[in-house]
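Welcome! Take a look at the structure first, then read on.

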Amino acid sequence: MSAQAFVEALGQTLGLDLALSPAGDLAFALDGRGFLLQWRETSHSFVVYAEIGHLAGWRDGEVCRRLLSANFLLAETQGAALSYDGINNVVGLN
């Protein structure tokens with residue numbers, strides 16, 4: 001399946017009008033969460049970033065410790081990497 005065919009199928013499934021940019025990028029929001037897909041022609045695969053959610057509140061330290069523990073050697077992320085966007089206070093999954 002080509003990148004564009006995948007994006008069209010994804011858009012149809014989600015009920016969104018999606019299209020790759022000329023550079024192979026696609027950004028969209030679903031249920032208030034941001035998603036970014038970037039097509040890598042050399043490996044015929046997508047790199048995906050998905051917002052997990054915002055940190056807000058007195059439990060931020062506990063949440064960060066749990067996220068970092070899950071990220072340790074990618075043990076609980078199935079090879080994905082958790083990230084933190086300090087500007088927007090958002091945790092993401094790559």
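One place to start is Ser83, which stands opposite Gly92 in strand S5. Please keep in mind that this is a predicted model.

**Strands around S5**
- Strand S4 (residues 82-85) pairs with S5 through four bridges, and the two run antiparallel.
- S5 (residues 90-93) is also joined to strand S3 (residues 45-54), again antiparallel, by four bridges.
- Four residues lie between the strands in the hairpin of S4 and S5, where Asn89 has a positive phi near 60°.

**Helix H2**
- Helix H2 covers residues 60-71, and its 12 residues should span 16 Å at 1.5 Å a residue; the end C-alpha atoms are 16 Å apart, so the two values agree.
- After H2 comes Leu73, with a positive phi near 55°.

**Positive phi in loops**
- As background, most residues other than glycine have a negative phi.
- Asp31 is not a glycine, yet its phi is positive, near 55°. Asp31 sits in the loop between strand S1 (25-30) and strand S2 (33-40).
- Asp31 counts as exposed because its relative accessibility is 77%, and the cut-off for exposed is over 50%.
- His44, also not a glycine, has a positive phi of about 50° and lies in the loop between S2 and S3.
- His44 has 54% relative accessibility, so it counts as exposed.

Notes. Residues numbered from 1 in each chain as written. Predicted model: local features only at pLDDT ≥ 70, side-chain atom pairs only at ≥ 80, totals over all residues. Heavy atoms only, no water. Pairing = 2+ DSSP bridges. Expected span 1.5 Å × (residues − 1). Buried < 20%, exposed > 50% of the residue type's maximum accessible area, 1.4 Å probe, protein only.
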